[in-house]
Amino acid sequence: MKLEVKAIWIDHSSVTLEDYLPSSSDFFGIWVNFKTGFKGNAGCDDFRVLVCSRNWLTTEMSCDGAVWGRHTLLMIEFSYELMVKKINLLVENLPNSDWAI
């Protein structure tokens, strides 16, 4: 059975992920949530990934000199379409028996 992304969203009270636009397309960092499960199956698991720009990451690193990078999608500029495409490709290419990302 193939895995698929069943939903993608951000925890924001006034904007949906589809409508989200950072104030600067090359300086942003947001947590994106997504549900993943097998095609044709109602069950799913929730995951969370930090989607950020390299400029935002550089600023974060300048505070402490280092940042953890697990569960991070690094983008040059914000693009909803590219972000969704990359998350879908990640999930679709996972082995069926292993949720490790």
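pLDDT is the predictor's confidence in each residue, on a scale from 0 to 100.

**Figure 1. Confidence along the predicted chain.** The model shown in every view is predicted. Across the chain the mean pLDDT is 90, and 94% of the residues reach at least 70.

Figure 2. Strands pair through backbone hydrogen bonds, in either the parallel or the antiparallel sense. Here the strand order is S1-S2-S3-S4, and the pairing is mixed.

**Figure 3. Strand S3 and its two partners.** Eight bridges join S2 and S3, which pair in the antiparallel sense. S3 and S4 run parallel and are joined by four bridges. Cys52 of S3 stands opposite Gly29. Cys52 also has a bridge partner in S4, namely Leu74.

**Figure 4. The S2-S3 hairpin turn.** Six residues lie between S2 and S3, and the two strands form a hairpin. Gly40, in the turn, has a positive phi of about 80 degrees.

**Figure 5. A positive phi at His71.** The loop between H1 and S4 contains His71. The phi of His71 is near 60 degrees, a positive value in a residue that is not glycine. With a relative accessible area of 33%, His71 is partly exposed, because that class covers values between 20% and 50%.

**Figure 6. Helices lying across the sheet strands.** H1 lies across S2, S3 and S4, and runs at about 85 degrees to S3. H2 lies across S1, S2, S3 and S4, and its angle to S1 is about 145 degrees.

**Figure 7. The edge-to-face pair Tyr20 and Phe78.** A pair of aromatic rings is described by the distance between the centres and the angle between the planes. Searching the whole structure gives three aromatic pairs. In the pair of Tyr20 and Phe78, the ring centres are 5.3 Å apart and the planes stand at 80 degrees, so the pair is edge-to-face. The pair links distant parts of the chain, 58 residues apart. Tyr20 is in the loop between strand S1 (3-9) and strand S2 (29-38), whereas Phe78 is in the loop between strand S4 (72-75) and helix H2 (80-92). Both Tyr20 and Phe78 are buried. Ring pairs link these two residues and Phe28 into a cluster.

**Figure 8. The stacked pair Phe34 and Phe47.** The ring centres of Phe34 and Phe47 lie 5.7 Å apart. Their planes are at 25 degrees, so the pair is stacked, the cut-off for stacking being under 30 degrees. Phe34 belongs to strand S2 and Phe47 to strand S3 (residues 45-53), so the pair ties together parts that are 13 residues apart in sequence. Phe34 has 2% relative accessibility and therefore counts as buried.

Technical notes
Residues are numbered from 1 along each chain as its sequence is written. This is a predicted model: local features need pLDDT of at least 70, side-chain atom pairs count only at pLDDT 80 or more; totals for chains, interfaces and linings use all residues. Side-chain values use heavy atoms; hydrogens and water are left out. Rings of Phe, Tyr and Trp (its six-membered ring) pair if their centres lie within 6.5 Å; planes under 30 degrees apart count as stacked, over 60 as edge-to-face and the rest as tilted. Buried means under 20% relative accessible area, exposed over 50%, partly exposed in between (1.4 Å probe, protein chains only). Two strands pair if DSSP finds at least two bridges between them. Contact means heavy atoms within 4.5 Å. Axes are lines fitted to C-alpha atoms, for helices over the stretch in contact, and angles run from 0 to 180 degrees between N-to-C directions.
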